[in-house]
Amino acid sequence: MTATALPPSRPPDASPGPAAGTETVLVLDFGSQYSQLIARRIRELSVYCELVPGNTPVAEIAGRRPRGLVLSGGPSSVYDQDALRPDHGIYELDVPILGICYGMQLLAHDLGGRVSASARREYGLASVVVDQGEGLFAGLPQEMPVWMSHGDVIEQLPDGFRPLAHTVNSPVAAMAGPGGRVGIQFHPEVAHTPQGMELLRNFLYRTCGCSGSWEPSGFVERAVAEIRQRVGSEPVICALSGGVDSAVAATLVHRAVGDQLTCVFVDNGLLRRGEADRVIGVLTRNTRMRIVRVEAADRFLAALRGVTEPEEKRRVVGREFIRAFEEETRRLGEVRFLAQGTLYPDVIESTAADTFGAHKIKTHHNVGGLPQGMRFALVEPLRYLFKDEVRRVGQTLGLPEDMVQRQPFPGPGLAIRVIGEVTRERLETVRGADWVVIDEIKRSGLYHRVWQSFAILTPVSSVGVMGDFRTYANVVAVRIVESDDGMTADWARVPYDVLSEISRRIVNEVPGVNRVVYDISSKPPSTIEWE
Ligand code: XMP
């Protein structure tokens, strides 16, 4: 891993961020898969939090006037030549610091302690025994389960530090020093550490003295004012995808500048049954914003003819979207501003990909996220919000529950749920199966309890028997997963009765299907979508 010069975490035209003065905690990201989760947890505790690259210059950090800093975990060892390190100046700031895992080792090492490779890598659940029930551990049990993932251990504490807790393998599982400098060897942000939120709360409220003023719905007025100021009297366009993000972004912009906004809904023919009508209907009724619908199914299908490779499908859908969108905007005349529903995880991930050379698994195509060749100034009112916060903003804006709480749907749509070539007929098949899955999942009350539920049309045909006849027809797979954020997922243990009804209805109601299978893979090693 190479520590490179990093782009600033806040691009100059970013809009609208939290107003100056918002109580902020910064997470310095050293590449842990959990860094983003730390920021989310802190926001859930009503403290505004952002992720910045681990080696952000101290002047930039100080300029944000943070109430506290968190050093995240990361894949390095403090003795690695090319380990990503913080600017040493952060230790001169009068700001509490919480080091987590690698972050704790950095803290110990940088402040004069000694870190060494442990005889045994500690990974998974461990039991931590609290030796000093104060500060971070105030009000917590004396022994509790925690999630560990580390190779190095603290051998000698820096001057002025004292141990707070231990595990069988880590004599120092937590430490505290002067000036609110604290470290923990385990991960408080993951669900496997049940008392993790309490621990973070202690850091934020006891150590940093935060007051807990962050409330996403309070963000609406500020965002509206900032959009108004930025856009003035110019026209704005926004691509609607049918998802929560673009709908909330458009609604905010509409509230700010009214009819200066035109939304474009490209119906690519890859949507769920009745989706385009439903989305346009709901938004028109609730917001009265102007929506132009572009019927583009034919062009998408023509472009997808003969394409079977998943990444190629994504490229084709992305390209055709830009073309259709461009043609439409040209009709609208001179437009300078493009509103997009970019979320904070998108921002973090694009920075993280630059920073850590993260391995690309799939190219995610977001309807709002592509027109690179187009010279628009971007209006991205959600760029500092997490998904659950966007949902709360949507509710505050009066969008209906079934729009705000809907399950995610991928930008390339059903094209990546028809395995193999995408044809009109195969789309119709997967659409029919998808309808049944969603209908049954809603009927059983599971729709909001699972992350996603959908059907995949496999390229496999199987032999069956219907009535007295042999059939040779399509196999449909059903995928229902539980997840926190889509980064990891597990297949949902849906009651057999529900699965049985889904299977029975698909085979009976969807022509050309004679077999249904249930996908029982978790992510990793699988992904949520099949392509
Ligand atoms: P995977 O398949 O990568 O999916 O495990 C994780 C989550 O992302 C969604 N997904 C996408 N969303 N554009 C999107 O907007 C895409 O290209 C895309 N591909 C996957 C997927 O539905 C799941 O929620």
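The following legends describe close-up views of a predicted model.

Local features were taken at pLDDT of at least 70 and side-chain atom pairs only at pLDDT 80 or more, whereas totals for chains, interfaces and linings use all residues. Residues are numbered from 1 along each chain as its sequence is written, and side-chain values use heavy atoms, with hydrogens and water left out.

View 1. In the contact, 15 residues of domain 2 meet 17 residues of domain 3, where contact means heavy atoms within 4.5 Å.

**View 2. Helix 13 packed with helix 14.** Two packed helices are described by the angle between their axes and the distance between the axes. Helix 13 (residues 424-443) and helix 14 (residues 496-509) pack at about 150 degrees, and their axes are 9 Å apart. Helix 13 is therefore roughly antiparallel to helix 14. Axes are lines fitted to C-alpha atoms, for helices over the stretch in contact, and angles run from 0 to 180 degrees between N-to-C directions. Angles under 35 degrees count as roughly parallel, over 145 as roughly antiparallel, 65 to 115 as roughly perpendicular and the rest as oblique. Helices (H or I, at least four residues) and strands (E, at least two) are DSSP runs, numbered from the N terminus. The crossing of helix 13 and helix 14 is right-handed; a crossing is left-handed if the near helix is turned anticlockwise from the far one by less than a right angle, and right-handed if clockwise. From helix 13, Ala-433, Val-436, Val-437, Asp-439, Glu-440, Ile-441 and Arg-443 meet Val-498, Glu-501, Ile-502, Arg-505, Ile-506 and Glu-509 of helix 14. By class, this contact of helix 13 with helix 14 comprises seven nonpolar, no polar and six charged residues. Ala, Val, Leu, Ile, Met, Phe, Trp, Tyr, Cys and Pro count as nonpolar, Asp, Glu, Lys and Arg as charged, and the others, Gly among them, as polar.

**View 3. Helix 6 packed with helix 11.** The axes of helix 6 (residues 244-257) and helix 11 (residues 387-396) are 10 Å apart, at an angle of about 45 degrees. Helix 6 is therefore oblique to helix 11. The crossing of helix 6 with helix 11 is left-handed. Val-244, Asp-245, Val-248 and Leu-252 of helix 6 meet Lys-387, Val-390, Arg-391, Val-393 and Gly-394 of helix 11, and this contact has five nonpolar, one polar and three charged residues.

**View 4. Helix 8 packed with helix 9.** Helix 8 (residues 297-304) and helix 9 (residues 310-331) pack at an angle of about 145 degrees, with 10 Å between their axes. Helix 8 passes helix 9 in a right-handed crossing. Helix 8 contributes Arg-299, Phe-300, Ala-303 and Leu-304 to the contact, while the residues of helix 9 include Lys-313, Val-316, Phe-321 and Glu-327.

View 5. Five strands form an open sheet in the order 12-11-10-13-14, with parallel pairing. Two strands pair if DSSP finds at least two bridges between them. Strand 12 (290-295) and strand 14 (377-379) are the edge strands, each pairing on one side only. The twist from one strand to the next averages 30 degrees. Strand 13 (residues 337-339) pairs with strand 14 in the parallel sense over three bridges, and Phe-337 stands opposite Ala-377 in strand 14.

**View 6. Backbone geometry at Ser-46, Pro-524 and Pro-525****.** Ser-46, although not a glycine, has a positive phi of about 70 degrees. Ser-46 is placed in the loop between helix 1 (35-44) and strand 2 (48-53). The peptide bond from Lys-523 to Pro-524 is cis, with omega near -15 degrees, and Pro-524 is found in the segment after strand 18 (513-518). The bond from Pro-524 to Pro-525 is cis, with omega near 10 degrees.
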